[in-house]
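The following exercises concern a predicted model. Please work through each task before reading its solution.

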Amino acid sequence: MNNAELKLKLEEELDVVMQELADLGHEDIDPTATELDELADRQEASEESAGETSALSIRKREITAALARMADGTYGMCEECGDKIEEDRLEANPAARTCKLHME
Ligand SMILES: [Zn+2]
């Protein structure tokens, strides 16, 4: 899998994550939703999904960071040792920041 394909994968995943965040009411809240009941419902829903929302936010940050590294040419290098990240690791997680030896 080359970088262009990995980039496509990242962009597709970013779309999914953004959509899920929007569905959870985390972002792009409909500005026309002024009914108090509706707002209360949204608040309740967002408390219930707070864990899910933060996991998605973290994932979104990882993906945007990976896309930024692609833009500046540092994509695919381990942040710990500077070596190339294994191809199968990038295929499993295109947003990976470290090689297998240094993965958390
Ligand atoms: Zn490493």
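**Exercise 1.** Which arrangement do the four donor atoms around the zinc ion make, and why?

*Solution.* Step 1: identify the donors. The zinc ion is coordinated by the SG atoms of Cys78, Cys81 and Cys99 and by ND1 of His102, at 1.9 to 2.3 Å. Step 2: examine the angles. The four donor atoms subtend angles of 99 to 115 degrees around the zinc ion, so the arrangement is tetrahedral; the criterion is that all angles lie between 85 and 135 degrees.

**Exercise 2.** Determine whether cysteine 99 and histidine 102 are buried or partly exposed.

*Solution.* Step 1: apply the cut-off, by which buried means under 20% relative accessible area. Step 2: cysteine 99, at 5% relative accessibility, is therefore buried. Step 3: histidine 102 has a relative accessible area of 29% and is partly exposed.

**Exercise 3.** Explain which parts of the chain the salt bridge between glutamate 13 and arginine 59 ties together.

*Solution.* Step 1: the two side chains meet at 2.6 Å, N to O. Step 2: glutamate 13 belongs to helix H1 (residues 3–23) and arginine 59 to helix H3 (residues 50–72), so the pair ties together parts that are 46 residues apart in sequence. Step 3: compare accessibility. Glutamate 13 is partly exposed at 24%, whereas arginine 59 is buried at 18%.

**Exercise 4.** Locate the partners of the salt bridge between lysine 100 and aspartate 88.

*Solution.* Step 1: their side chains meet at 2.8 Å, N to O. Step 2: lysine 100 lies in the segment after H4 and aspartate 88 in helix H4, twelve residues apart.

Notes:
Residues are numbered from 1 along each chain as its sequence is written. This is a predicted model: local features need pLDDT of at least 70, side-chain atom pairs count only at pLDDT 80 or more; totals for chains, interfaces and linings use all residues. Side-chain values use heavy atoms; hydrogens and water are left out. Donors are N, O and S atoms within 2.8 Å of the metal (3.2 Å for Na, K and Ca); water is not among the atoms, so sites may look incomplete. Four donors count as tetrahedral if all angles lie between 85 and 135 degrees; four count as square planar and six as octahedral if opposite donors are over 155 degrees apart and all others between 65 and 115; anything else is irregular. Buried means under 20% relative accessible area, exposed over 50%, partly exposed in between (1.4 Å probe, protein chains only). A salt bridge is a side-chain nitrogen of Lys or Arg within 4 Å of a carboxyl oxygen of Asp or Glu. Helices (H or I, at least four residues) and strands (E, at least two) are DSSP runs, numbered from the N terminus.
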